[in-house]
Each structure stands twice: as structure tokens, then as C-alpha cells.
Amino acid sequence: MNRFIKGECRTQITLLPESLDDYVVETNPVRVVDVFVDELDLGQLGFEGVQPAVTGRPAYHPAVLLKIYIYGYLNRIQSSRRLEKETQRNIELMWLTGRLMPDFKTIATFRQENGKAIRNVCRQFVMLCQQLGLFSEALVAIDGSKFKAVNNRDRNFTSAKLQRRMDEIESSINRYLTQLDTADRQEPAVAQPKTERLQEKIAALKAQMKALKDIEVQLNQTADKQISLTDPDARSMKTRGTGIVGYNVQTAVDTEHHLIVEHEVINEGVDRSQLSNMAKKARCAMGVDDLTVIADRGYFKSEEILACLEAGITAIVPKTVTSIATADGRFGKADFIFDAEKNEYRCPVGEALIWRFATIEKGLKLHCYWSSACQSCALKEQCTPSPQRRVKRWEHEDILDAMQSRLDLAPDSMRIRRQTVEHPFGTLKAWMGATHFLMKTLAHVRTEMSLHVLAYNLKRVINIIGLTALIDGIKAKMAWCRPSESAIVG
């Protein structure tokens, strides 16, 4: 072992042992966690146990357990059992907690009982980012992504999946009954063990069928005709692959620094009704009056875009193409030009489609236009198989037209959206690993997601402004960005 750097002897006694602080350099992110938590008003944020009980065994201060969790999620350690081990061997955690070593049950209970307060801590850091001037561009991208729940796909049932499973069991039972009849005609020495084995399989399948019948009763009592046995709030959702059982995580990410300014966890598989809700929350979090939001076509819904406009938020969302005529290769609605002054459409051959009547469809007021010259039109086959080509216009269609004009004038909007909002999702899923969420039920999953978002934002800000500047900013700004009562959840 000559000519190599050698370590110290394990049995050597040192006269002046080093302090824990000597092991944690000044640029270690754990120092940010320590300063950030120490500056929080945990009582106002809603943490339990800030004031110790008069009697009983002394408890751990919430600040200690919160530091453990923030450090854990910063370093991809989400399990309470793994965090317990880290407090016993990790020098950074020993420094952070003062060598306190809570057991895993204490660590897990803290996360379960302080969900709303932990979500407030995540919002508090976003408020700090606002005070540090990191949201100078009032432009955010909104998107959603599916994250896997604890619930396995085999323990999630819809009506179709349940019926398919029951049909498979029925088919298997009939096959085994046929094999049973065949076994009865064989020699007793061969028939007896085979018959017993088949009868056991049939009995097991009948027990499964009975269990599925009980699940069917529960399924029919649910509003969305879907049930999950492990995590009751998890839902089966479509993805580009085979689909997953999990949750839909919505995020609003600022386009300048890619910080997650707002997030929400829902168990609805579609994004169509989330645009205005996320946009309003993002504007509040960023503290701006005027905000522009960019989203993909999955968020296109007339009512949501109108709600954004009424709230003073500018939306940029591509229209969804659902026209049957376009799919069949005929003229689409875009080929008909609307004349606002005359309140009529102009068709591709120049004929006027005049207003006929107004109707209500799916809660929307629509105006209907058509021309009487369609029967003699030379391009009728390229337009419609009906006697007339009818065009319907929503009463607030001008809002959608103005939004399309904005999109046409800013062709890079979708590229900006993609490179802004999809990066955080990829990073978070890499941190989470293959299992994604570890907790059950929507409330606890929201807590877990808030810890992930807090860790992500913390790392981003350290990379953007530096660790020393962030610590100085926390000490200078935290007193000004403490949440008011209206900003605190629940």
C-alpha cells in the first residue's frame, strides 16, 4: 500500500476531536435548509406541537422534523425508515438536527399530521422567490402529468375492467369443468389427484368471483364508477402508453427561471377544466397584476379561456381540431371568414352565410348561420353532405379568435411551453424513482408533492443566485414575506 494516500487509524484517539460544524462546508445546501426553517413562523403556518405540552415525554420540535424532511427530499430520501437511518449515520443530518435521532414512526407521523402546514411552507418559499425578484417576467407555462400511486393496476376496477375479469373467471371455470368431466373417465389412480386439483382451482375461482361481486356493489355506489382498493383516491388515467393508476399533477412554471410557482394534485384524468384555476393561483403566487399563461391544446375549453379573460389573465392555448368535416377532407370552419359588421360568414366560394337563430348547447349560447345557395354550389361535395353547410358560432367566439391571433403572432409559444414545463416534470419523476408517490389518499399525496416541489425550487434558486446570496436573502426577506391568514391553507 506504499505510495497511496492513507486514512487515519480507526482505533487512534484524538486529543482535540473536530466539531460537527467542521464537517459541513460553508457552501453545503444543508445550511440553507437550516436558515430557511429557522426563519419560519411555524405556529402561524399551522404546525402542531410548536408549544410543548406541560406533561408527558418531551417531544421533538416541529422545526427539527421539518428540516429532516426537506433535507431528505433534497437528497431523494422520502421514506421515513430511510430517514431514520440517515439521522444515525449522516453527518450533514447530525449537524442539521443537533444529533437528534427520531424513530421512523415519529418522522412518518409528523408528515401525516402536518400536511396543510407543509404545503404552506412550499408556498412560503415561492413568496420568498417573489421578494427576491425572480418573477420579473409575468409569463408562465401550465401543464399536467400523471404520477403513479401506491395502488396497483390489478387493484383498480372500472365497470368494463370488472366485467372483463368476471368473464375471464367464468371462462376458466367452464374450462376446468370440462377437464373435470374428462378426468372422471380416466383410471382412478390418475383421476383422483387430478380431480382434487381441479376442484381446488374451481373453488378458488368461485371465491374470486364472489369477491368481484362484492366489489361490483361498491363500484355502483361511486360517482365515477371506479374504485381503487389500496388507495381509494387513486384513479385510472390514460397516458401515451398503457395508462396508470395515479394522480394528475398540475404545475405552473415561470418561463424565466423554470421555478414552479404553483402546483395542484387532482384525481381527474383530463386537464380541460384546470386552466383558469391554475392561472389565478399562479398570478397570486407571483404577486403580479397582468399575467400571460401558455398551455397545450389539452387545456382548450371555451369557458376556461373566458374565465381567464374576466380575471385579467391572457391565455395562449391552441384550438383543438374536432371537426368531422376536416377529418373527412372537407372545408373546415377555419375556411369560413366571419364578418363582424354584417354578422355573417363568407364561404370559400364567396357566398354569405347569414344568421338564422340562436340555441343553447351544453350550456353555451351558439348562433347558427347558413346559406340558401348551397344546393347549386359547384364545391358542395367538398363542403357538406347535408342540404346546407351550417356554421355555429359561440357568443364569445371573438375571444377565441383574438387568442388565435396572439398565437399566430408568437409562433414560438408552444416551444417555450414545452421547454419550460416539461423539464420540472422529468426532474421530479427521476427523483421519485419508479414508484412515484409513497403515501395514500389525495390529502397525503398533496403533502408529498409539496415537499418535492419545495426541494426542486430550493435547488433551482441555489443554482440561479448562489447559496450565499440565498441565505442572505432569506435572512433579509423572510420577515416581509411571512404569509397572511388569507394565504394559509385551511
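Which residues are buried in helix 10? They are Leu275, Ser276, Met278, Ala279, Ala282, Ala285 and Met286, where buried means under 20% relative accessible area, exposed means over 50%, and partly exposed lies in between (1.4 Å probe, protein chains only). This is a predicted model, in which local features need pLDDT of at least 70, side-chain atom pairs count only at pLDDT 80 or more, and totals for chains, interfaces and linings use all residues. Residues are numbered from 1 along each chain as its sequence is written, and side-chain values use heavy atoms, with hydrogens and water left out.

**Helices**

- Helices (H or I, at least four residues) and strands (E, at least two) are DSSP runs, numbered from the N terminus.
- Helix 10 covers residues 275-286, which are 12 residues. From its first C-alpha to its last, helix 10 reaches 16 Å, close to the 16 Å expected at 1.5 Å a residue; the expected span is 1.5 Å times one less than the number of residues.
- Glycine 287 follows helix 10 and has a positive phi, near 65°.
- Valine 121 belongs to helix 7 (residues 115-131). Valine 121 counts as buried because its relative accessibility is 0%.
- Valine 121 and valine 421 are 300 residues apart along the chain, and 22 Å separates their C-alpha atoms.

- Most residues other than glycine have a negative phi.
- Lysine 362 is not a glycine, yet has a positive phi of about 55°. Lysine 362 sits in the loop between strand 11 (352-361) and strand 12, and is exposed because its relative accessible area is 85%.
- Threonine 441, also a residue other than glycine, has a positive phi near 75°. Threonine 441 is in the loop between helix 14 and helix 15 (442-465), and counts as partly exposed because its relative accessibility is 25%.

**Cysteines**

- A disulfide is a covalent bond between the sulfur atoms of two cysteines. The rule applied here asks for a pair of cysteine sulfur atoms within 2.5 Å, and by this rule the count is 0 disulfides.
- Cysteine 347 counts as buried at 13% relative accessibility, and cysteine 374 counts as buried at 12%.

**Cavities**

- Rolling a probe the size of a water molecule over the atoms shows where empty space is left.
- On a 1 Å grid over the protein atoms alone, a cavity is a set of points where a 1.4 Å probe fits but cannot get out, and a pocket is an open set with protein on both sides within 12 Å along at least five of seven lines; lining residues have an atom within 4 Å of a point.
- The structure holds 2 cavities of 30 Å³ or more, and the largest cavity has about 120 Å³ of space.
- The largest cavity is lined by 14 residues, of which Cys347, Val349, Cys374, Cys377 and Cys383 are the closest to its centre.

- The volume of the largest pocket is about 1,600 Å³.
- The lining of the largest pocket has 41 residues, with Thr322, Ser323, Lys333, Lys392 and Glu397 nearest the centre. Elements that give two or more residues to this lining include helix 11 (302-310), strand 12 (364-370) and helix 13 (397-409).
- The second largest pocket holds about 540 Å³ of space. Of its 20 lining residues, Asp143, Gly144, Ser145, Arg240 and Asp296 lie nearest its centre.
- Strand 1 (139-148) and helix 14 (413-432) are the elements that give two or more residues to the lining of the second largest pocket. Helix 14 gives the most, with 6 residues.

**Record annotations**

- An unreviewed UniProt entry lists "domain: Transposase InsH N-terminal" at residues 19-112. Residues 19-112 are 55% helix and 0% strand, and the end C-alpha atoms lie 34 Å apart.
- UniProt, again in an unreviewed entry, places "domain: Transposase IS4-like" at residues 233-458. Over residues 233-458 the chain is 33% helix and 25% strand, with end C-alpha atoms 29 Å apart.
- Such annotations may be inferred rather than shown by experiment.

Technical notes: Points joined across faces, edges and corners; volume = space filled by probe spheres on them.
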